[in-house]
Amino acid sequence: MNTSVKIAEGLILKNPVLSASGTFAYGEEFSEIFDLSLLGGIVTKGLSLKPKKGNPSPRVFETTGGMINAIGLENIGVDAFVIEKLPFLGQFNAPVIVNFFGNEEEEYELVAARLDVDGISALEMNVSCPNVKKGGIEFGKDPNTLLSLVSRVRRATSKTLFVKLSPMVKDIREMAIAAQEAGADAITCANTIPAMAIDETTQRPVLGNITGGLSGPAIKPVALKLVWDVHQCVHIPIVASGGINTYHDVIQFLLAGASAVEVGSASLRDPLCFIDIIEGTKAYLKEHSIQSVTELVGKLII
Amino acid sequence: MKDVRGTVCNNTKVADDTFLLSLDCDLPDSRPGQFVMVKVACGYEPFLRRPFAILSNHKQTLEILYKVKGRGTQLLAEKRPGDILSILGPLGNGFSVPEEKRQVVYVAGGTGLPPVLSLAEDLKQGVLIFGAQSKDQIPLMSRISSLPGVELKVATEDGSYGFMGLATDLLDELTGNARGPVSIYACGPKGMLLATSECARRTGSRCELSLEEFMSCGFGVCSGCVVETIHGNKRVCRDGPVFDAQDILF
């Protein structure tokens with residue numbers, strides 16, 4: 001039985017289960033409870049050019065079947081990551097996929113260039129950030145803006161490049177096509193869904209930032225449809241993200257067209273869930289006499 | 001940090017809406033002030049674990065003292081002997097050792113009692129000041145009034161037991177009469193912590209505060225529970241929950 005998945009020439013995952021950015025920090029805490037080498041890949045917290053303080057508290061709120069977060073992309077900055085965190089991640093036998101973002105094209109380009117170092121297998125661009133030079137409209141909301149941004153980053157790095165799309169767009173297929181045209185190696189589909197919570201007793205928003213992003217089992221059906229849509233229009237691999245908690249979810253996302261998955265909120269609740277998900281996926285393959293996990297990709301029976 | 005299975009031995013009401021849960025579980029050794037994240041449901045409702053201070057953790061028995069405040073604690077209160085819970089811990093830093101020759105003062109308000117009581121049971125010295133709204137809100141009265149080596153002072157806001165007023169009124173009186181600086185360990189509502197911190201500053205006392213915060217992960221990866229300190233944002237779950245009072249920007 002083969003659980004490995006090829007994402008690009010330079011990136012073969014030993015299994016299709018990855019951590020997700022924002023819920024894995026830089027790997028140190030999780031390494032205290034399980035061997036990170038078991039993962040298909042280690043996706044780290046989003047980095048910006050300079051350290052970022054993040055949003056005021058409260059930053060998280062539990063909802064039905066999930067949670068809303070407004071951390072505000074707090075991070076130590078790209079240089080501190082490369083010096084202080086990357087060597088630690090090198091001890092594990094799992095590719096390191098570094099998530100990053102910017103507030104203007106130049107920042108994305110600079111961060112990508114600084115991450116073009118040994119020890120990093122791939123980069124994942126978060127494009128759900130406001131473009132400060134274009135009135136704060138998210139890069140990932142307009143296909144032309146996205147095409148321009150991804151093209152610039154593509155030229156700045158030799159690494160395998162994932163583009164993590166926003167779910168809240170007019171047509172996610174246009175965004176996926178733009179990312180592919182610009183030279184992305186894979187599409188991460190998708191990010192948290194914009195959301196908010198209100199406390200009727202105080203008549204105020206719950207989160208310090210007023211709005212945040214919804215994640216967890218509640219968004220899984222939405223993410224499944226987005227993966228299905230993107231699978232219809234691109235030929236590059238899709239990495240699914242959104243409410244994956246069990247191996248059942250993994251199989252469903254593979255059938256919808258994903259080649260791999262990222263597990264986020266589920267690992268906040270159960271840091272050992274990665275192991276259960278990987279073992280469950282293997283057991284499913286065995287039970288169904290499937291030789292390779294890739295045989296399931298996009299094989300939804302209609 | 002380990003994810004262990006805990007079997008409920010007892011889950012008994014010990015005051016208004018307050019329960020003492022004891023579990024048979026093989027949690028690694030912990031220090032007073034550390035906590036656990038408890039999965040109160042197998043399904044996705046509620047989705048996240050709930051943080052609870054460790055009251056005691058000896059000989060395969062873990063004790064948690066909690067107040068029913070919402071969905072999670074309501075579900076926990078429904079657990080019966082034999083039920084199995086997933087326990088992640090021990091988490092956080094815990095209290096540090098007091099300086100020698102200084103009087104130790106513990107200050108607890110309401111649900112802030114467990115970490116402070118855990119420390120008092122461990123150190124077996126000092127004065128424990130406990131503040132509650134009224135007499136029926138005081139849990140484990142016989143246990144806290146007979147702590148070896150520890151003197152108990154109770155304040156109730158309605159005067160139904162002990163001193164009528166706030167725990168910090170008793171703290172001000174005690175530190176005012178003390179011969180020098182003391183070592184203060186506190187957990188409770190924000191207002192109480194602020195007053196405790198000011199008292200410590202005024203008297204030159206060392207003061208550690210255990211902060212209560214809503215948490216998602218409990219082990220430092222999500223940065224959802226940060227508090228502002230003079231050293232920048234700190235995660236209550238991982239860098240705390242115990243902080244030097246003078247570091248916190250209230």
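How do the axes of α4(A) and α5(A) cross, and within what distance do they come? They cross at roughly 25° and come within 8 Å.

## What you're looking at

This is a predicted model, where local features need pLDDT of at least 70, side-chain atom pairs count only at pLDDT 80 or more, and totals for chains, interfaces and linings use all residues. Residues are numbered from 1 along each chain as its sequence is written, while chains are lettered from A and ligands numbered from 1 in the order in which they are written.

Helices and strands here are DSSP runs (H or I of at least four residues for helices, E of at least two for strands), numbered from the N terminus. Axes are lines fitted to C-alpha atoms, for helices over the stretch in contact, and angles run from 0 to 180 degrees between N-to-C directions.

## Helices α4 and α5 of chain A

On the α4(A) side the contact is made by A:Pro143, A:Leu146, A:Leu147 and A:Val150, and on the α5(A) side by A:Glu174, A:Met175, A:Ala178, A:Ala179 and A:Glu181. Contact means that two C-beta atoms, placed from the backbone, lie within 7 Å. By class, that's seven nonpolar, no polar and two charged residues. Nonpolar takes in Ala, Val, Leu, Ile, Met, Phe, Trp, Tyr, Cys and Pro, charged takes in Asp, Glu, Lys and Arg, and the others, Gly among them, are polar.

The buried residues of α5(A), which spans 172-181, are A:Ile172, A:Met175, A:Ala176, A:Ala178, A:Ala179 and A:Gln180. A residue is buried if 20 or more other C-beta atoms lie within 10 Å of its own, exposed if 12 or fewer, and partly exposed in between, with C-beta atoms placed from the backbone. The cover over them includes α4 (143-156), β11 (160-165), β12 (186-189) and α6 (220-231) of chain A. Just past the helix, A:Gly183 has a positive phi of about 105°.

## Helices α7 and α9 of chain A

Another pair to look at is α7 (247-256) and α9 (273-287) of chain A, which pack at an angle of about 60° with axes 8 Å apart. That angle makes α7(A) oblique to α9(A). α7(A) passes α9(A) in a right-handed crossing. A:Tyr247, A:Val250 and A:Ile251 of α7(A) meet A:Ile277, A:Gly280, A:Thr281 and A:Tyr284 of α9(A). The tally for this contact is five nonpolar, two polar and no charged residues.

## Core and chain contacts

The largest nonpolar core has 172 residues, and those with the most contacts inside it are A:Val227, A:Val261 and B:Tyr106. Such a core is a set of buried Ala, Val, Leu, Ile, Met, Phe, Trp, Tyr and Cys residues joined through C-beta atoms within 7 Å. Setting aside neighbours within four places in sequence, B:Tyr106 is in contact with residues including B:Val116, B:Leu119, B:Ala120 and B:Tyr185.

Helix α2 of chain B (113-123) is mostly covered, with eight of its eleven residues buried; among them are B:Val116, B:Leu119 and B:Ala120. B:Lys124 follows α2(B) and has a positive phi, near 55°. As for the two chains, 18 residues of chain B are in contact with 26 residues of chain A. The chain B side of that contact has eleven nonpolar, five polar and two charged residues.

Chain B has a cis peptide bond from B:Glu45 to B:Pro46, with omega near -5°; B:Pro46 lies in the loop between β3 (35-39) and β4 (50-53). The bond from B:Gly240 to B:Pro241 is cis too, with omega near 5°, and B:Pro241 lies in the loop between β15 (232-235) and β16 (242-244) of chain B.

Then there are the glutamines. A:Gln203 has a positive phi of about 60° without being a glycine, and counts as exposed, with 7 C-beta neighbours inside 10 Å. B:Gln60 has a phi near 65°, sits in the loop between β5 (56-58) and β6 (61-67) of chain B, and is exposed, with 11 other C-beta atoms within 10 Å.

Notes: Angles under 35 degrees count as roughly parallel, over 145 as roughly antiparallel, 65 to 115 as roughly perpendicular and the rest as oblique. A crossing is left-handed if the near helix is turned anticlockwise from the far one by less than a right angle, and right-handed if clockwise.
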